[in-house]
Amino acid sequence: MQRKIEFQNGVGASSVLMVVVSLLLVAFSVLSFVSAQSDMNLTDTSIESIKQYYDAEYKAQVLLSEIDHVLQKSSIDESISALYALSEEIYISADRAIMFIVPINDDKQLQILLYPDDTNEDISGYRIYSYKTINTGSWDPEVELNVWEGQ
C-alpha cells in the first residue's frame, strides 16, 4: 500500500505571514507620517518666508508712493531733505539716483533703485531701474567634500 504524503499549512506559517505583513504596514505608516511631517514643516517655512516678502513689498510700495508724492511737489534737487525724512534707508547719489532698502528678514532685503524722470516737464516722477531681493546673510561653504575614490 502506498502512503500518501500530505502537506498541511499549519497555524504557524499563517501567523508568521501575518506578523511580517503587520510589521511592513507599521513601517510604511511610520515612513508616511515622517514624510508628511517634513512636508508640513517645509510648508510652514515657505508660508512664513512668503509672508515676510509680501510685508516688505507692501512697505516698499508705500515708500514709493511717498517718494512719488514728494517728487510731484518739487524737483529732486529741492526735495532731498524731504526724501531723507521718509526713511533712514534712503540714499541719493551724485547722479540723482534714489536707492532705498526695505528689510525682509535677517538674511534678505528689497533694494529699489529709482531715477527721476525729467523727460516730461509737466509731470515729475521716477523710473524704476532696479527692484530686487538681496541676500545679506553669510554663506558658509562646506570645507571638505567626501568623494568616493574607488576601492
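Guide: A definition comes before the count. A salt bridge is a side-chain nitrogen of Lys or Arg within 4 Å of a carboxyl oxygen of Asp or Glu. By that rule, a search of the whole structure finds one salt bridge. Keep in mind that this is a predicted model.

The partners are Lys51 and Asp55. Their side chains meet at 3.4 Å, N to O. Side chains of opposite charge can pair when their charged atoms come close. Position along the chain matters here too. Lys51 and Asp55 sit four residues apart in helix α1, so about one helical turn separates them.

Now the exposure of each partner. Lys51 is partly exposed, because its relative accessibility is 48% and that class runs between 20% and 50%. Asp55 is partly exposed as well, at 36% relative accessibility.

Helix α1 spans residues 11–73. Val20 also has its place there. Val20 belongs to a nonpolar surface patch, together with Val16, Leu24, Phe28 and Leu31. The five have about 500 Å² of accessible area together. Val20 itself is partly exposed, with a relative accessible area of 42%. It can join a patch because patch residues need over 30% relative accessible area.

The largest nonpolar core has 17 residues. Ile67, Ile98 and Phe100 have the most contacts inside this core. Four elements each supply at least two of its residues: α1, β1 (90–92), β2 (98–103) and β3 (108–117). Helix α1 gives the most, with seven residues.

Phe100 shows how these parts meet. Leaving out residues up to four places away in sequence, Phe100 touches Ala60, Leu63, Leu64 and Ile67, among others.

Last, the setting. The protein has two helices and four strands. Along the sequence they follow the pattern α-α-β-β-β-β. Of the 151 residues, 19% count as buried. The accessible surface comes to about 12300 Å², and 56% of it belongs to carbon and sulfur atoms. Take contacts between residues at least 6 apart in sequence: 39% of them join residues at least 24 apart.

Key: Residues numbered from 1 in each chain as written. Predicted model: local features only at pLDDT ≥ 70, side-chain atom pairs only at ≥ 80, totals over all residues. Heavy atoms only, no water. Buried < 20%, exposed > 50% of the residue type's maximum accessible area, 1.4 Å probe, protein only. Contact = heavy atoms within 4.5 Å. Areas by Shrake-Rupley, 256 points an atom, 1.4 Å probe, with all protein chains shown as cover. Patch = residues over 30% accessible without salt bridge, like charges linked within 9 Å, V, L, I, M, F, W, Y side chains within 5 Å. Core = buried A, V, L, I, M, F, W, Y, C linked by side-chain atoms within 4.5 Å.
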